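Take a look at the model below.

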Amino acid sequence: MRQWWNQIPKRIRLVVTTVLIGSIVAYMMIVGGMSVLDDPNWDTLWLSVIGAALLTFISYQATKK
């Protein structure tokens, strides 16, 4: 089922995955930052930072191999 993905060269797959994960993390940071600016709430800020850090760690571990 994922045969088409494996036909793409590994370097291109890595770049596509990195860009996708980076855009998701950036989106989380932007949305978290906007919500903090709209309603200054430190809990929201910390949840955004922790969520982005976890997503970054998970994506790093997944692409490490």
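The side chain of serine 59 reaches the backbone oxygen of threonine 56 at 2.8 Å. That is a polar contact, meaning a pair of N or O atoms within 3.5 Å; within protein, one must be able to donate a hydrogen and the other to accept it, and residues adjacent in sequence count only if both atoms are side-chain atoms. This is a predicted model: local features need pLDDT of at least 70, side-chain atom pairs count only at pLDDT 80 or more, and totals for chains, interfaces and linings use all residues. Residues are numbered from 1 along each chain as its sequence is written, and side-chain values use heavy atoms, without hydrogens and water.

Serine 59 lies in helix 3, one of the DSSP runs (H or I, at least four residues) numbered from the N terminus. With 11% relative accessibility, serine 59 counts as buried (under 20% relative accessible area; exposed is over 50%, partly exposed in between, with a 1.4 Å probe and protein chains only).

The buried residues of helix 3 are Ser48, Ala52 and Ser59. Seen down the helix 3 axis, they fall within an arc of 35°, so they line one face. The arc is taken from the directions from the helix axis to the C-beta atoms. On the other side of helix 3, Trp42, Asp43, Trp46, Leu47 and Ile58 are exposed.

Valine 49 also lies in helix 3. Valine 49 is partly exposed, at 33% relative accessible area.

How values were computed: Helix = DSSP H or I, 4+ residues; strand = E, 2+ residues; numbered from the N terminus.
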